[in-house]
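Please walk me through a few local features of this model, with the cut-offs behind each term.

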Amino acid sequence: MTDIHTLWTTAAEAPGRIPAPHIEYAQLSPTLIVFGAAIIGVLVEAFLPRRHRHTVQLLLAVLALAAGFAAVVGLAAGGFATTKAHLAAMGALAVDGPALFLQGTILLVSLVAVFTFAERRLDPASHGKRVDSFAAQAAAVPGGAAEQAAVKAGFTTSEVFPILLFAVGGMLIFPAANDLLTLFVALEVFSLPLYILCALARRQRLLSQEAALKYFLLGAFSSAFLLFGIALLYGYAGTVTYAGIAEVIADGTKQIDPALAGTMGNDALLLIGGALVLMGLLFKVGAVPFHMWTPDVYQGAPTPVTGFMAAATKVAAFGALLRLLYVVLPGMRWDWRPVMWGVAIVTMLGGAIVAITQTDIKRLLAYSSIAHAGFILAGVLATTQDGISSVLFYLAAYSFVTLGAFAVVTLVRDAGGEATQLSKWAGLGRRSPLVAAVFAVFLLAFAGIPLTSGFAGKFAVFKAAAQSGAGWLVVIGVLSSAIAAFFYIRVIVLMFFNEPKADGPSVAVPSPLTTTAIALGVVVTLVLGLAPQYFLDLAGQAGTFVR
């Protein structure tokens with residue numbers, strides 16, 4: 001207490017000595033643009049007449065995400081991904097190749113996701129007004145009088161757009177965070193909007209709210225683990241900065257703070273703290289055994305939200321995981337590699353095997369995403385420059401395939417809304433050949449069939465893992481891919497070689513918004529599969545962390 005009191009009195013006596021923070025606003029512009037637009041979106045909800053809000057919010061979100069992406073490209077062109085890479089915002093954020101590559105991917109994915117959020121032609125009009133995937137009035141009790149009145153009045157939950165922008169802003173900070181407190185704040189900033197978005201489904205509202213509650217409770221547990229891990233790492237190193245912790249791990253010669261001298265350098269704090277922080281990140285990645293939330297949340301959330309979450313959250317979480325393992329804990333490689341080997345193996349096999357038993361298309365894609373988390377972890381475990389670049393490429397390829405696949409799921413509908421039961425997709429290829437063919441392209445990419453982005457991504461991560469000596473991991477990865485290919489091809493067979501049922505679902509005709517989202521997914525999947533070298537080189541150039 002005496003030390004703290006002395007600090008306060010000294011600061012009060014000499015205000016001129018307190019340094020003003022130095023913030024590089026231009027280099028943080030992608031994040032600032034997105035957060036600024038999100039705040040404007042909140043004001044739009046407060047002051048604009050209800051009939052104009054949806055259009056204005058959509059335009060605002062699209063402009064903000066496009067401007068954010070342009071800012072990322074400008075920074076990369078200005079050399080901040082390579083020669084000018086440095087730590088910004090008083091060392092709290094990294095502006096380097098991996099950060100800019102991941103931020104660009106997140107912004108592009110989010111831009112495509114906004115199109116699916118804004119879709120209003122799939123459900124039949126209600127009381128003469130077009131409706132989207134979101135509840136008419138989110139605060140109303142499901143099935144209650146207030147909800148019925150909101151539906152009758154044609155209300156829309158247009159605040160989903162600023163909520164999405166807040167989530168994107170948090171995701172942009174997450175892989176660029178260069179100290180543990182910034183990492184934690186970013187995690188909460190993007191998690192809380194996702195919990196809300198998951199609860200906003202127009203149909204099956206109770207299932208949607210249950211999904212959001214499960215996600216919130218399990219997410220709170222993972223955040224608590226992460227925070228406790230941060231506290232232990234601070235006790236070990238006397239600092240929360242990545243470079244400071246890495247320095248203490250490497251040689252322990254850092255100037256010891258007298259107040260922390262009793263605990264600093266205690267390896268138990270380092271091992272337990274590092275493990276807890278990793279657990280928090282592996283939860284967001286959806287790796288086994290921290291995957292329990294994934295199938296329930298993917299199934300219950302509105303499908304546009306599921307697509308956005310499945311694509312963008314993985315990119316942000318793997319970015320943060322890479323930075324933690326490669327910048328903070330490289331000196332502990334022999335401690336964390338065996339554990340992460342085990343996690344990668346059970347994630348690949350667990351996701352692929354359990355997916356075979358699924359009868360719901362959204363749950364099947366959820367277990368597929370768990371298996372893919374295992375494949376990406378193989379690249380993370382390479383602990384080489386090629387490992388980083390292969391993971392960056394895989395994340396970019398995977399995110400667009402995922403978004404496209406969930407956009408197709410929104411089109412197949414029956415009287416109860418989306419027809420997600422696999423049995424209802426029988427004969428879809430005869431009823432709607434184009435939609436079934438597009439979905440087949442996405443499934444083949446998930447399976448890693450040559451000439452798709454999935455093959456190029458898997459080849460890159462497995463090659464990086466094999467070159468680093470993880471040959472057995474690659475063997476298990478290939479085996480898991482073979483198991484996964486079975487259930488992807490089973491869905492293709494179901495669509496094209498089974499007779500359609502008389503009471504089967506119909507395929508809704510989407511607006512240009514969803515059509516654009518699906519078309520972009522197909523184009524990226526084929527371009528990254530047929531001509532991946534340019535993008536692999538781009539990921540390779542962006543593969544160096546600033547320390």
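Leaving aside neighbours within four places in sequence, Lys152 is in contact (heavy atoms within 4.5 Å) with His127 and Lys129. Lys152 lies in helix H5, residues 145-153; helices (H or I, at least four residues) and strands (E, at least two) are DSSP runs, numbered from the N terminus. The C-alpha atoms of Lys152 and His127 are separated by 5.9 Å, with the two 25 residues apart along the chain. Lys152 counts as exposed because its relative accessibility is 57%; buried means under 20% relative accessible area, exposed over 50%, and partly exposed in between, using a 1.4 Å probe and protein chains only.

This is a predicted model, in which local features need pLDDT of at least 70, side-chain atom pairs count only at pLDDT 80 or more, and totals for chains, interfaces and linings use all residues. Residues are numbered from 1 along each chain as its sequence is written, and side-chain values use heavy atoms, with hydrogens and water left out.

Thr410 sits in the loop between helix H15 (385-409) and strand E3 (412-414). With 6% relative accessibility, Thr410 counts as buried. Beyond neighbours within four places in sequence, Thr410 is in contact with Leu122, Thr303, Pro304, Glu418 and Thr514.

Two helices also pack together: His372, Phe375, Ala378 and Gly379 in H14 meet Lys458, Val461, Phe462 and Ala465 in H18. The residues of this contact divide into five nonpolar, two polar and one charged (Ala, Val, Leu, Ile, Met, Phe, Trp, Tyr, Cys and Pro count as nonpolar, Asp, Glu, Lys and Arg as charged, and the others, Gly among them, as polar).
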